[in-house]
Amino acid sequence: MFFTHLEDFITNLYSKLQIHEPYQLDMFTIAKKLNIDIVYRKTSFRLGNDIVLIKSTKQKEWQNFGHELEHSLQHVGQQLNMHYLFRDLQEYQARRFAYHFCVPTFMLQQYNDLTVCDVMNLFNVEYGFALKRLEMYERKLLDEGSTICQSVY
């Protein structure tokens with residue numbers, strides 16, 4: 001399987017953190033290893049070395065952590081001062097990052113015939129999140145399969 005730049009980045013990040021299995025995916029452990037503090041407030045955002053989350057379900061907090069972590073690792077500046085198109089780009093990147101961070105491709109590869117419920121339970125994410133991530137993964141597999149078939153001819 002060919003990995004995208006994002007998938008490579010996440011695989012390398014987890015490797016450096018010595019995280020290889022879904023049961024190791026814990027935002028408090030990851031935050032500690034990255035020297036990031038998790039704080040709870042009425043809105044989610046990133047501020048310096050803090051990731052601020054809204055108190056919610058463990059699944060929602062994990063998904064929001066993934067989103068805010070992208071801002072912490074890859075983005076600089078205050079979004080309030082940015083042109084809306086640049087802010088929209090950063091939000092798109094953070095949403096995409098969260099899907100791949102919370103349900104990493106290299107971990108999905110370890111399993112066959114996963115259902116949405118399997119993804120929910122293995123990766124501690126909500127149904128809609130698991131469904132979207134599984135669709136992304138299956139589309140990737142289909143795209144790679146069609147590329148291989150095209151290259152044969």
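This is a predicted model: local features need pLDDT of at least 70, side-chain atom pairs count only at pLDDT 80 or more; totals for chains, interfaces and linings use all residues.
C102 is buried, at 0% relative accessibility. Buried here means under 20% relative accessible area, exposed means over 50%, and partly exposed lies in between (1.4 Å probe, protein chains only). C117 reaches a relative accessible area of 43%, so it is partly exposed.

Residues are numbered from 1 along each chain as its sequence is written, and side-chain values use heavy atoms, with hydrogens and water left out.

Now the overall layout. The protein chain holds seven helices and three strands. Their order along the sequence is α-α-β-β-β-α-α-α-α-α. Helices (H or I, at least four residues) and strands (E, at least two) are DSSP runs, numbered from the N terminus. The chain has 153 residues, and 38% of them count as buried. Take the contacts between residues at least 6 apart in sequence: 55% join residues at least 24 apart. Contact means heavy atoms within 4.5 Å.

Helix α1 (residues 5-16) packs with helix α4 (residues 84-102) at an angle of about 50°, and their axes are 10 Å apart. That angle makes α1 oblique to α4. Angles under 35 degrees count as roughly parallel, over 145 as roughly antiparallel, 65 to 115 as roughly perpendicular, and the rest as oblique. The axes are lines fitted to C-alpha atoms, for helices over the stretch in contact, and angles run from 0 to 180 degrees between N-to-C directions.

Which residues make the contact? From α1 come L6, E7, F9, I10, L13 and Y14; from α4 come R96, F97, H100 and F101. They divide into seven nonpolar, one polar and two charged. Ala, Val, Leu, Ile, Met, Phe, Trp, Tyr, Cys and Pro count as nonpolar, Asp, Glu, Lys and Arg as charged, and the others, Gly among them, as polar.

Finally, two loop residues. Most residues other than glycine have a negative phi. Q18 is not a glycine, yet its phi is positive, about 60°. Q18 sits in the loop between α1 and α2 (27-33). Its relative accessible area is 58%, so Q18 is exposed. N35 also has a positive phi of about 60° without being a glycine. N35 lies in the loop between α2 and β1 (37-41). With a relative accessible area of 57%, N35 is exposed.
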